[in-house]
Amino acid sequence: MIARVVGNDYRSLTPPEPGAWAPSLRVSVVVPAYGGQDKLDLVLAGLAGQTYPEDLTEVIVVDNGSDPPLRLPELRPAGTRLVACPIPGRAHARNAGLRAATGDVVHWLDSDVVLDRQAVEAHMRWHHAAPYLVVTGRLRFTPAPLPTAREVAEAPDLAELFEPAEPHAWLVDLIERTSGLTDGRSRAFSLHVGGATSVNAALLAEAGPMDTDLVLGQDTEMGYRLAQAGAVFVPEPLARAFHLGPTMRMRDKAPIDRVSHAFVADRIPAYRWLRSHPARQWKVPYLEVVVESDGDPGYDEVRASVDAVLAGTVPDVAVTVPGPWEHAGVEGRAPLRDPHLDLTLILGHYAHEGRVRFTSSTPGQAGRPGESSWGAVPYRLRLPAGWTPGEDTLARLLDLATDGGYGLVSVLLAEDAERGLIVARLERTAAFARAAIVAADGEPLDDAVQDTFGTFWADGETYGFLREARTPAGRRGAYRARVEAQAEIARLTKEAERLRGQVTRWREEAGRWRRSAVELRREVGTLRKELAAARKVVQYGLLSSVKRAITRRR
């Protein structure tokens with residue numbers, strides 16, 4: 001039984017201890033190179049001294065058009081081959097090496113990265129624990145002078161040659177602040193860096209080769225696709241590697257990010273901060289909505305669902321409508337008697353809407369991962385035709401799925417006497433891809449998704465689903481609402497300022513009242529003293545008069 005990792009918490013796996021196990025998987029180390037023969041010699045010398053069995057290792061050096069051409073030195077692993085790739089670019093070179101690789105695991109290695117003795121073994125022990133892992137070693141950047149290939153091959157510890165060295169700072173930070181990438185919210189796919197990363201070959205075949213259209217950011221983009229294929233990403237500190245000198249990114253981070261972000265924004269929906277535009281489309285959408293019908297799609301039902309989806313507050317969305325579109329056609333003489341008229345109407349109505357595509361089969365039948373014409377879409381909503389989400393429904397469902405880390409959110413729409421439960425399904429692509437890998441024969445994928453990501457049931461009415469067409473507010477309606485909201489904000493701001501001024505006046509008036517009260521208290525106190533004195537005078541006068549009267553009578 002294949003081990004089931006929950007989310008990216010690989011700590012449930014127990015890889016064997018280095019040096020105390022019998023490996024069986026073959027590894028292909030792919031080293032793309034352009035020039036730099038002196039550094040390549042050191043890389044191959046480091047590979048020649050690995051503790052992983054040599055008969056389970058092949059090394060493929062890809063010469064990416066070097067002038068003069070690269071050569072294989074004498075000090076190299078026995079199973080080393082040299083492959084030529086004249087098309088410039090690291091992605092082309094990596095793909096050439098990938099095509100030549102025959103191992104169960106592909107280990108990417110840059111031509112200026114020297115592996116420590118047990119690095120390959122440290123990687124491969126994880127791949128023997130589960131067949132859907134991406135493992136990255138601890139990369140350190142050394143400014144040390146280049147040693148000889150013989151020194152590299154004979155050194156018991158490469159730290160003697162290359163330390164002091166700097167760590168891969170941003171990668172270390174990512175690992176530390178995400179508990180080793182095990183928390184559910186980390187973008188673990190960022191761990192896929194080409195310098196020293198190994199990937200299960202079957203997982204690579206599922207994700208696809210390097211994107212040769214990208215100028216930069218190919219490693220991260222491939223990492224994202226590997227995540228959608230079900231990968232778990234593992235940082236391995238025992239797999240030490242030394243990068244000979246700083247990387248291009250360390251020297252020019254800002255301009256590199258500028259170039260990289262311009263391209264990866266189209267391909268990595270998980271980078272939400274790169275998709276701040278409120279209306280534009282992207283190559284790979286964040287959400288694909290599949291509008292499904294029991295039989296032939298009906299025009300009115302499909303239009304109600306599609307229009308409601310496109311009018312929602314999630315602009316990063318695309319729609320797929322499966323159906324027998326080959327039957328659609330314009331009946332010239334009697335179109336109203338055409339049995340497939342609704343198919344023709346749907347195609348005609350959305351012929352020029354770039355966010356709607358038509359397919360002859362449902363992408364990844366419910367409960368199966370499947371392919372999508374939109375690429376590696378992270379979320380897919382399966383919506384029965386005729387049901388319409390509210391304006392903010394899709395956004396709320398996505399928030400529910402991402403906040404809870406769920407692989408499946410099932411939305412109960414209705415219960416029908418004949419059809420049973422009518423359900424919309426929000427599926428996380430990575431979860432169903434993982435489930436397809438770990439599920440036992442005959443096991444429903446939903447059960448495997450429950451084990452690896454979790455599932456949740458929601459009420460359709462609570463989330464705003466209706467069985468009726470809606471009138472989209474549209475951008476003008478949204479604009480008017482925004483203008484009205486801004487005007488209301490301005491009015492309330494003025495009112496708040498007026499009230500603050502009034503409060504200030506009241507405070508000033510209250511201060512005057514307090515000062516007046518103090519003065520009055522002082523005056524009252526003075527009057528009381530004067531009254532007391534007067535009373536004493538009166539009392540003294542009366543007493544004197546009485547005394548005089550008594551004296552006269554005597």
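## Trp325 and Phe358

Trp325 counts as buried, with a relative accessibility of 12%; buried means under 20% relative accessible area, exposed over 50% and partly exposed in between, with a 1.4 Å probe and protein chains only. Phe358, at 26%, counts as partly exposed. The model is predicted: local features need pLDDT of at least 70 and side-chain atom pairs pLDDT 80 or more, while totals for chains, interfaces and linings use all residues. Residues are numbered from 1 along each chain as its sequence is written, and side-chain values use heavy atoms, without hydrogens and water.

The ring centres of Trp325 and Phe358 lie 4.8 Å apart and the planes meet at 70°, so the pair is edge-to-face. Rings of Phe, Tyr and Trp (its six-membered ring) pair if their centres lie within 6.5 Å; planes under 30 degrees apart are stacked, over 60 edge-to-face and the rest tilted. The pair links distant parts of the chain, 33 residues apart: Trp325 is in the loop between strand 11 (317-322) and helix 12 (341-349), and Phe358 is in strand 12 (residues 356-359). Helices (H or I, at least four residues) and strands (E, at least two) are DSSP runs, numbered from the N terminus.

The whole structure holds nine aromatic pairs. One of them joins Tyr10 and Trp126, edge-to-face, at 5.8 Å centre to centre and 90° between the planes. Tyr10 lies in the segment before strand 1 (27-33) and Trp126 in helix 3 (residues 119-127), so this pair ties together parts 116 residues apart in sequence. Tyr10 is buried at 9% relative accessibility, and Trp126 is buried at 7%.

Phe189, Tyr224, Tyr271 and Trp273 form one aromatic cluster.

## Charges over rings

Arg272 lies over the face of Tyr286, 3.9 Å from the ring centre. A charge sits over a ring if NZ of Lys or CZ of Arg is within 6 Å of the ring centre and within 35 degrees of the ring normal. The charged end of Arg396 sits over the ring of Tyr463, at 4.5 Å from its centre.

## Cavities

Two cavities of 30 Å³ or more are found in the whole structure. A cavity is a set of points on a 1 Å grid over the protein atoms alone where a 1.4 Å probe fits but cannot get out; lining residues have an atom within 4 Å of a point. The largest cavity has a volume of about 60 Å³, the volume being the space filled by probe spheres set on the points, which are joined across faces, edges and corners.

The lining of the largest cavity includes Arg280, Trp282, Asp316, Arg355 and Trp374. Its residues divide into six nonpolar, one polar and three charged. Ala, Val, Leu, Ile, Met, Phe, Trp, Tyr, Cys and Pro count as nonpolar, Asp, Glu, Lys and Arg as charged, and the others, Gly among them, as polar.

Terms used:
1 Å grid on protein atoms, 1.4 Å probe; cavity = no way out; pocket = protein on both sides within 12 Å on 5 of 7 lines; lining within 4 Å.
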